[in-house]
Amino acid sequence: MPETVSLPAQRCTPPRVLHALDPAAATADRQPLLLAAAVTAGLGTGCSVYPHGGVTFGHIVLLALLPVVASAVSRSGVARATLALLALWCFAAVMTSLSVHDTVHHLVFSLCRPLTVALSLCGAIWAFTQRVAVARAYAASMVLGLLAASVLSPSTGFAQDPWKFGLGPAVSLAAVLAAAVLVRRGRRVLGAALVAGLALVNLEWGFRSEFLVVSLAAVTAALAGRRGLRRQSWARCLRVGAALAVTTVLIYAGYGCLAGSGQLGAAQQYKWNRQSHVAGGLLVGGRAEALTSEVVVAQTPLFGRGISPQMGLQTREAFLRRLQARGVPVNDQVSRYYFSHGLYLHSTFFQTWAENGPLVLPGLLLPLLLVGRALAAAIRSGSGPAALVFSFLTWQLAWDMAFSPWPRLEGAALGTAAGAALAYLAAGQDTAAAELT
């Protein structure tokens, strides 16, 4: 690097420790420091600083490394655009709070979502543009942090169902990454057996959405990574898409036969009978509010309604009538479920839209679209391991966004997945990001 002559060195370069973490300055003797920083940031995910807002010690570490991670992000125009949209999300949250006279606590809670996505995005881009060992250490420690967080800071449903509301998503991610490593090293049968076993465990324990996500990821990887496929092809993406549609139909029919006959237990049989006998089948019966939320968001102003808004009688009645029209039984218990504590739509997409307005949507959706773009690139290039990882991430994040309330660590998951996708797209298959698996 050229020397500066007009200013002292300490005024134009970052502190010595941060300078050593800069990818542009990284050398072999600095590898232990890079590994330590990556592992600390990843494992820090398991220690919550502000559990309600999803802020972890890992975010604090990334904030301390902000001069370095910002330098890594500045090289990507798409990353800068994503951060700009997340800044727009922050602006919408502030304006919403001012317009509805929301509390300071609610404002801080609203701001934590885009800020955790932004920090995790920057940290992932920094880590996955390092050498292979650093990228793998960050990914492994992040998974361990997620597992620890599910036990140390459990969600409200953890006592009722520890697998679905805690360990299941983190264990599934760990198993998918392990399977991708096995497939990449030529152990296809062992990798396929691991994914198949994971899907069956989720099915047996009643985690239906995770069973579907893992199954679709397995089919995507099998079709994308077939032997003999070498040249890139967009037609392969179309064939995989058609196969996934057929697979979804077959899974729905097969699950219906098993659950309806009671072979998966009384609990799943009860859920199937209650949720499938409505207009639109199981998807509508299980997540009916996601398809009737347009009643609420259509009346949402530009800067939203605020956190836990009180809905007017006319809006509540229109929402419940729409549910009833789809064949969902409506009673006082259903009304209390959605409106007893302001508004509860059981959908990250619609809940965030209703709370902070439509200006949040670009920043919310772009990270997911980046992961989907990485999936398309992996399928097009015929990379089975990458297709497995990014397919799992795409379907998992898409399901959570459409049909689940904002998970506590959604900011870390969404930002890290988007950062890994950007690194994969920018790096190609001969660099550290592509060697992650």
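Let's start with one residue. Setting aside neighbours within four places in sequence, Gly 168 is in contact with Pro 162, Trp 163, Phe 207 and Glu 210. Contact here means heavy atoms within 4.5 Å.

A word on the source. This is a predicted model, where local features need pLDDT of at least 70 and side-chain atom pairs count only at pLDDT 80 or more, while totals for chains, interfaces and linings use all residues. Residues are numbered from 1 along each chain as its sequence is written, and side-chain values use heavy atoms, with hydrogens and water left out.

Now the overview. The protein chain has 22 helices and 2 strands. These are DSSP runs, numbered from the N terminus: helices are H or I with at least four residues, strands are E with at least two. Of the 437 residues in the chain, 50% are buried. Buried means under 20% relative accessible area, exposed means over 50%, and partly exposed lies in between, using a 1.4 Å probe and protein chains only. Take contacts between residues at least 6 apart in sequence: 71% of them join residues at least 24 apart.

Back to Gly 168. Where is Gly 168 placed? In helix H9, residues 163-184. Is Gly 168 buried or exposed? Gly 168 counts as buried because its relative accessibility is 0%. Leu 147 is 21 residues away in sequence, and the two C-alpha atoms are 9.1 Å apart.

Next, H9 as a whole. Its buried residues include Trp 163, Gly 166, Gly 168, Ala 170 and Leu 173. What do the buried residues of H9 pack against? Four helices: H8 (132-152), H10 (188-204), H11 (208-224) and H21. Just after H9, Gly 186 takes a positive phi of about 90°.

Let's look at H8 with H9. Two packed helices are described by the angle between their axes and the distance between the axes. For H8 and H9, the angle is about 165° and the axes are 8 Å apart. Axes are lines fitted to C-alpha atoms, for helices over the stretch in contact, and angles run from 0 to 180 degrees between N-to-C directions. H8 and H9 are therefore roughly antiparallel, a label for angles over 145 degrees. On the H8 side, Val 143, Leu 146, Leu 147, Ser 150 and Val 151 take part. They meet H9 residues including Gly 166, Leu 167, Ala 170 and Val 171.

On to the rings. How many aromatic pairs does the structure hold? It holds 14. Rings of Phe, Tyr and Trp (its six-membered ring) pair if their centres lie within 6.5 Å; planes under 30 degrees apart are stacked, over 60 edge-to-face, and the rest tilted. Tyr 337 and Tyr 338 are edge-to-face, 4.9 Å centre to centre with 80° between the planes. Tyr 337 is partly exposed at 42% relative accessibility, whereas Tyr 338 is buried at 7%. Trp 399 and Phe 403 form a tilted pair: 4.7 Å centre to centre, 55° between planes. They sit 4 residues apart in helix H21 (residues 384-403), so about one helical turn separates them. Phe 403 is buried, at 15%.

Last, Phe 319. Ring pairs link Phe 319, Tyr 337, Tyr 338, Phe 339 and Tyr 344 into a cluster. Not counting residues up to four places away in sequence, Phe 319 touches Glu 289, Thr 292 and Leu 345, among others.

Notes: Angles under 35 degrees count as roughly parallel, over 145 as roughly antiparallel, 65 to 115 as roughly perpendicular and the rest as oblique.
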